[in-house]
Amino acid sequence: MKLFLTQILLFCSIITFGQDLTTIKVSVPNKSDEVFIVGNQESLGNWKPEKVKMSRISDYEREISLNLAFPAEYKFTRGNWESEAIISRLTEQPNFILKENPLIEQYYSIQGWTDQIDTFSTYSKFTISEISSTILNHKKKIYVSLPENYNENIDYPVIYVTDANILNIFEIVVQTVRQQSNFSNFPDCIIVGIYIDIQNRNNELDIQFGENGKKFKDYIFKEVIPYINSKYSTSNFKAIYGHSNGAEYNHHLMFEKDNPFDAFINISENLVDLENGEIEKIKNKYIDFLKNNKKPIKYFVASAKYDDPNRYPSGQEIKNIIENFPNKYVSFQQNIYKSWHVDLIGYSIYDAFKYIFLDYQDYGLFEEKINSEDFNYKEIKENFLSKNEKYIKPYVENDASTSVVSEIIKKSNNPKILKQYLDFEDKKHEIYNLYVRAILFFEINDLDNALLYLEKMVNENDQNSIRQLIKSNGKSYVEIYKKANKLKVGYKNLEILKGKNKNLKNELKAIKEKIK
């Protein structure tokens with residue numbers, strides 16, 4: 001009997017715990033992070049966060065293999081409830097639940113810790129990668145945030161952020177670009193955070209651009225950018241964002257002959273040579289760059305009136321140099337804010353990206369020539385598409401873009417322009433059916449074309465148009481024939497449609513009553 005009971009208990013144990021260990025692995029944002037797993041059973045510490053520590057398997061990975069009862073419920077901390085892992089949301093982290101033993105190891109990417117959240121945090125999901133840098137002779141970490149609906153068949157612009165791990169700048173850039181791209185104001189972008197060793201910051205972001213600064217430049221140009229291009233689907237457009245020392249370091253990158261960036265966003269710019277009373281040194285570098293540069297570059301500088309004493313004058317000095325030595329390839333804008341060093345990030349970030357994406361979805365191209373005799377919709381639209389595909393390829397028009405362009409065309413009140421628009425955008429009448437076309441021309445007081453499309457609708461018995469006619473209760477149909485003083489023709493055409501569409505007899509009869 002005892003042997004039988006033992007066998008039953010052993011069998012239950014096998015059912016409950018399974019024969020295989022469950023392996024759980026996480027990536028961490030910092031080399032020094034110690035990770036504890038905590039959950040709903042003894043092997044998970046019975047919800048005591050300091051009991052079960054995961055093993056370190058590399059600088060940025062921790063792992064543990066456990067015998068679990070299912071369902072298993074757990075979280076990750078750094079050993080106390082104040083330091084929960086940020087994985088899927090910034091606050092109120094959900095529990096992870098395994099209903100059964102998984103076939104593969106469970107992997108989680110820890111983005112940060114709840115005790116390290118500050119007022120600047122705007123959490124968004126991103127991946128942490130390591131580059132084994134031969135130039136710097138050690139491994140370096142980078143952050144990568146992809147568009148929410150990342151598609152390998154689309155080439156995306158890339159925005160690089162220096163000082164990515166300071167003041168949550170990386171997260172703020174990601175959120176700003178993502179919010180605006182959700183409204184289609186900016187293109188979807190890949191955001192890359194260049195991690196800075198805070199203790200070695202002045203050597204990496206070397207504002208004097210000495211040997212260390214040039215070496216870090218080579219790391220960005222020759223290792224980070226090629227790595228991103230090889231791993232992700234990128235377009236040719238690249239921008240770089242920097243704040244404080246990151247801004248000052250970045251303008252040295254702009255001076256380089258092999259500069260890969262098309263746009264520079266420098267927040268709280270500073271010229272250390274101005275501070276040292278040797279402005280001619282950096283001024284000459286700017287002048288040399290402006291005299292020789294033949295690459296289109298957008299350059300945005302944000303200055304704060306109440307910043308450190310040298311930073312506001314530095315922004316003004318850069319503006320003066322560029323105005324005195326203009327370069328047709330360099331588009332420059334300086335914005336001045338009533339702020340100081342840190343809050344300048346929040347004040348300026350939208351303006352900065354709005355400027356570098358100024359010619360993205362530039363509807364002004366249509367408005368500029370809308371009243372000219374040589375207006376050519378096809379040429380303008382192809383130019384519009386070409387400018388957008390400089391950023392993202394293929395550029396796909398959204399509903400908002402289509403609506404804006406059609407409104408510009410309609411407001412021209414020009415039948416020739418409207419006809420060019422329809423012929424280019426909808427040769428097969430798939431977007432604008434015959435009835436809708438009649439309405440479009442009626443709205444710009446072209447009765448001849450409005451009547452022409454209504455006749456065509458009747459002759460072709462176009463089903464899409466007829467459905468639209470019935471759905472709108474024939475309101476525009478009646479108005480067009482009434483304004484043309486041809487109600488009898490309208491009545492006759494409805495009779496023809498009724499004969500061709502006996503299943504719609506009652507609906508068409510209701511519209512006929514309005515004509516009487």
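Residues are called buried under 20% relative accessible area, exposed over 50% and partly exposed in between, with a 1.4 Å probe and protein chains only. By this scale K419 is partly exposed, with a relative accessible area of 41%. The model is predicted: local features need pLDDT of at least 70, side-chain atom pairs count only at pLDDT 80 or more, and totals for chains, interfaces and linings use all residues. Numbering starts from 1 along each chain as its sequence is written, and side-chain values use heavy atoms, leaving out hydrogens and water.

K419 belongs to helix α13. Helices (H or I, at least four residues) and strands (E, at least two) are DSSP runs, numbered from the N terminus. Between K419 and P147 lie 37 Å in space, C-alpha to C-alpha, and the two are 272 residues apart in sequence.

Two sheets were examined. Strands of a sheet pair through backbone hydrogen bonds, either parallel or antiparallel. Pairing here requires that DSSP finds at least two bridges between two strands. β2 and β5 (residues 72-77) run antiparallel and are joined by four bridges. V38 has K75 in β5 as its bridge partner.

A further open sheet contains four strands, ordered β3-β4-β1-β8, and its pairing is mixed. β3 (55-58) and β8 (106-109) are the edge strands, each pairing on one side only. From one strand to the next, the twist averages 25 degrees. β1 (residues 22-27) and β8 run parallel, with four bridges between them. V26 stands opposite Y108 in β8.

Helix α14 (residues 434-443) is largely enclosed by the rest of the structure, because eight of its ten residues are buried. These are L434, Y435, R437, A438, I439, L440, F441 and F442. The cover over the buried residues includes α12 (399-411), α13 (415-425), α15 (447-460), α16 (463-471) and α17 (475-483). Just after α14, N445 takes a positive phi of about 65 degrees.

T176 lies in helix α2 (residues 169-182). T176 is buried, at a relative accessible area of 13%. Beyond its neighbours within four places in sequence, T176 is in contact (heavy atoms within 4.5 Å) with I349 and Y350.

Backbone geometry in several loops was also examined. The peptide bond from F70 to P71 is cis, with omega near 5 degrees. P71 sits in the loop between β4 (61-66) and β5. K393 and P394 are also joined by a cis peptide bond, with omega about -5 degrees. P394 is found in the loop between α11 (377-389) and α12.

N46 is a residue other than glycine with a positive phi, near 50 degrees. N46 lies in the loop between β2 and β3 and is partly exposed, at 38% relative accessibility. N485 is not a glycine, yet has a positive phi of about 60 degrees. The loop between α17 and α18 (487-500) holds N485. N485 is exposed, with a relative accessible area of 70%.

Methods: Axes fitted to C-alpha atoms, helices over the stretch in contact; angles between N-to-C directions.
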